[in-house]
Number of protein chains: 2
Amino acid sequence: MATEETNQCREKYPMKGGDGSYSYAKNSTYQKGVSDAAKGLVTKAIEDKLDIEILLSPKTFCIVDMGCSVGPNTFSVVKNILEAVESRYRTHQIPEFQVFFNDHTSNDFNHLFKSLPLDRKYYALGAPGSFYGRVFPNNSIHFVHSSYAVQWLSSVPKEILNKNSSAWNKGRIHYSNSAEEVVRAYEAQFAEDIQWFLHCRAQEIVCGGLMVLIIPGRPNETPHSQTLPSLIFELLGTCLMDMANKGIVSGEKVDCFNIPIYYMSPQELEIAVERNGCFSIERVEIIPQEQSHANLPEKARQLASHMRAATEGLIKEQFGEEILDELFDSYTQKIQEKFPTFQSGKGINFFVLLQRKATK
Amino acid sequence: MATEETNQCREKYPMKGGDGSYSYAKNSTYQKGVSDAAKGLVTKAIEDKLDIEILLSPKTFCIVDMGCSVGPNTFSVVKNILEAVESRYRTHQIPEFQVFFNDHTSNDFNHLFKSLPLDRKYYALGAPGSFYGRVFPNNSIHFVHSSYAVQWLSSVPKEILNKNSSAWNKGRIHYSNSAEEVVRAYEAQFAEDIQWFLHCRAQEIVCGGLMVLIIPGRPNETPHSQTLPSLIFELLGTCLMDMANKGIVSGEKVDCFNIPIYYMSPQELEIAVERNGCFSIERVEIIPQEQSHANLPEKARQLASHMRAATEGLIKEQFGEEILDELFDSYTQKIQEKFPTFQSGKGINFFVLLQRKATK
């Protein structure tokens, strides 16, 4: 039964809710920049690839934003999709729109609902549950959007937390500079998760329906050790180890703390899609990144705040709330020092357009 | 446009969220008793009235609980509906189920989502928004359930808060013992609201679809002044006036505070349904009430807690949080003193089964 799949998935890692200074709502300008850059690609995808049969068949056109967090980005993304779909109808009667906002059950849906645009032209619904399980009935969704979400794994690979395993990731919180076994464990977890993701979406999306994924990752052929976002996580790990060395946090707790994020390459995703077999790959594109014109201390502060909004929940759960300020102060400092070395790191955001095939 | 209707409705009066001692989650045993008593009626309604054509047409069977609050009652209600619908399918293939939990945008959906039963056999969604506006697309819902919700008006009738109106409800927070004009204003607000409710549901529910309403009200022909729940509200008003007389709260604030609840009779609802014209009335039944065997102080405490869970949000907004304990302590006391007089009050819970007509 479909919902059992959902329940087996671990329900964790929501972005920080509410609208405080470290909330996702106030620290998602980077994701917004990426989303804005992807807007044109989304519009063009809808113009070029949304078949007229799909448009004319439903009474209600159903859109999902998977891993929507709490806004405001999701509202702007949805507005863009809706306008692009509407303009495809041209002289035909425009249907009603239903928009499903999906994220983990522990996401701050209360905040999301209170922020819903008053002038929205759609019925808004919250769809709680991990996207590594089924969230919707068969053949019920026409358009899936997911930005900055599928890099999160369903869980940390078990073996890297196991002292007796050769994949034990002692003293590190991510895999970029870890033993080969750790990297393999992360890769395997990604391979499994992405298959679940595609399998579930293949059942939910109608034939001809579209799925847009916007993913932070690494260029093809780039080793994990040279992946920019991994370097940034690595540095957060060293801050935690510094605190462990000073006795502020337990070293053992650092040893069994890992960030369940995997930076895939476009090629890895393409291989996964082909293996699943239900989608055609319509477009893969690297999203151009705007360079920040802030000065170094400001850049460091922005990056640290962004990382805090994304990881605060996980860190709090493991180490307690009281370490957060000290940790992120020292992190800001370290980012500033190491910023020049980040130049060698390679990171991309890429856009993928998939279409649900008619058969299988 | 449908969603504009929704936005024009005032989004207020959620039950108290979370799971503290005065939360709805812990103070809804009375509603649960009513729901349990209605269970058999719901099951029978589905057995007798859910046509096989309705059952076989959808790929997904869609159920809504309108005014669901935060659980646990809503989960038990939904389970009962789902089992009854499933058993109607007999040898036919059972479809997938989608269950929409609807309540005001300010309802504690976070708590609701975290409490979702792990063994549920449906896709669960949150549908935020007032049910006095559109919440769902046209012809998308097969079964609507709403228990202990439509007695809440969309807002307090404006004129009763207006010093210069003959309907000004000075010194009272409800209408049962008020001037005729106040009663008329409440009646008019109810008449308008219930038409909106039926109009919106008529568009959302498929032809042949069912709607079950469980409503606290008054027997036919009973004047408002003899309606038990009104007497109970009246008493809460006297506690607030006592506090105003002692200078603890402002008398002016009491003058412009009213509870937007209307206790309709089955006959009033029937007239409204006939006026709307889109539904047939399949059944109207008074739900037998279990008598509590608690002693008087315990009964008084239970009733006061129940009233606190339902009204705390409204009272806090008007008078501040700090008055709550004192107010409800004196209320508990007064309920205990006046309990014998409640015997003369008339109150019922009634069950209504409506079916969406095939035409119009």
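A crossing is called left-handed if the near helix is turned anticlockwise from the far one by less than a right angle, and right-handed if clockwise. Helices (H or I, at least four residues) and strands (E, at least two) are DSSP runs, numbered from the N terminus.

This is a predicted model, in which local features need pLDDT of at least 70, side-chain atom pairs count only at pLDDT 80 or more, and totals for chains, interfaces and linings use all residues. Residues are numbered from 1 along each chain as its sequence is written, chains are lettered from A and ligands numbered from 1 in the order in which they are written, and side-chain values use heavy atoms, with hydrogens and water left out.

**Stop 1: α10 and α11 in chain B**

Select residues 296-319 of chain B, which form helix α10, and residues 324-342, which form helix α11. Their axes come within 9 Å and cross at roughly 135°. Axes here are lines fitted to C-alpha atoms, for helices over the stretch in contact, and angles run from 0 to 180 degrees between N-to-C directions. α10(B) is therefore oblique to α11(B); angles under 35 degrees count as roughly parallel, over 145 as roughly antiparallel, 65 to 115 as roughly perpendicular and the rest as oblique. The crossing of α10(B) and α11(B) is right-handed. Sorted by class, the contact of these two helices holds 14 nonpolar, 3 polar and 6 charged residues. In this scheme Ala, Val, Leu, Ile, Met, Phe, Trp, Tyr, Cys and Pro are nonpolar, Asp, Glu, Lys and Arg are charged, and the others, Gly among them, are polar.

**Stop 2: α7 against α10 in chain B**

α7(B) passes α10(B) in a right-handed crossing. From α7(B), show Ile232(B), Phe233(B), Leu236(B) and Leu240(B); from α10(B), show Leu303(B), Met307(B), Thr311(B), Ile315(B) and Phe319(B). These residues make the contact, where contact means heavy atoms within 4.5 Å. They divide into 8 nonpolar, 1 polar and no charged.

**Stop 3: two positive phi angles in chain B**

Which phi does Tyr148(B) have, although it is not a glycine? Its phi is positive, about 55°. Tyr148(B) lies in the loop between β4 (141-147) and α6 (180-204) of chain B. With a relative accessible area of 13%, Tyr148(B) is buried; buried means under 20% relative accessible area, exposed over 50%, and partly exposed in between (1.4 Å probe, protein chains only).

Next select Glu221(B), also not a glycine, with a positive phi of about 70°. Glu221(B) is in the loop between β5 (205-217) and α7 of chain B. Is Glu221(B) buried or exposed? Its relative accessible area is 67%, so Glu221(B) is exposed.

**Stop 4: α6 and α9 in chain A**

Move to chain A and select helix α6 (residues 180-204) and helix α9 (residues 266-276). They pack at about 50° with axes 10 Å apart, which makes α6(A) oblique to α9(A). The crossing is right-handed. On the α6(A) side the contact is made by Phe190(A), Ile194(A), Gln195(A), Leu198(A) and His199(A). On the α9(A) side are Glu268(A), Leu269(A), Ala272(A), Val273(A), Arg275(A) and Asn276(A). By class, 6 are nonpolar, 3 polar and 2 charged.

**Stop 5**

Phe75(A) sits in helix α4 (residues 73-89) of chain A and counts as buried at 9% relative accessibility. Leaving aside neighbours within four places in sequence, Phe75(A) is in contact with Val70(A), Phe101(A), Leu112(A), Ser115(A), Leu116(A), Pro117(A) and Tyr122(A).

Ala37(A) is in helix α2 (residues 29-49) of chain A and is partly exposed, at 33% relative accessibility. Which residues does Ala37(A) touch, not counting those up to four places away in sequence? They are Ile287(A) and Pro288(A). Ala37(A) and Pro288(A) are 251 residues apart along the chain, and their C-alpha atoms are separated by 7.1 Å.

**Stop 6: both chains together**

Zoom out to show chains A and B. A rotation of 180° with 0.0 Å of shift along its axis superposes chain A on chain B (RMSD 0.0 Å). That is the relation of a two-fold axis. The superposition is by least squares on the C-alpha atoms of residues with pLDDT of at least 70 in both copies. To locate the axis from chain A, select Gly126(A): its C-alpha is the nearest in that chain, 2.3 Å from the axis. Of the interface residues of chain A, 100% are also interface residues in chain B, so the copies meet through the same surface.
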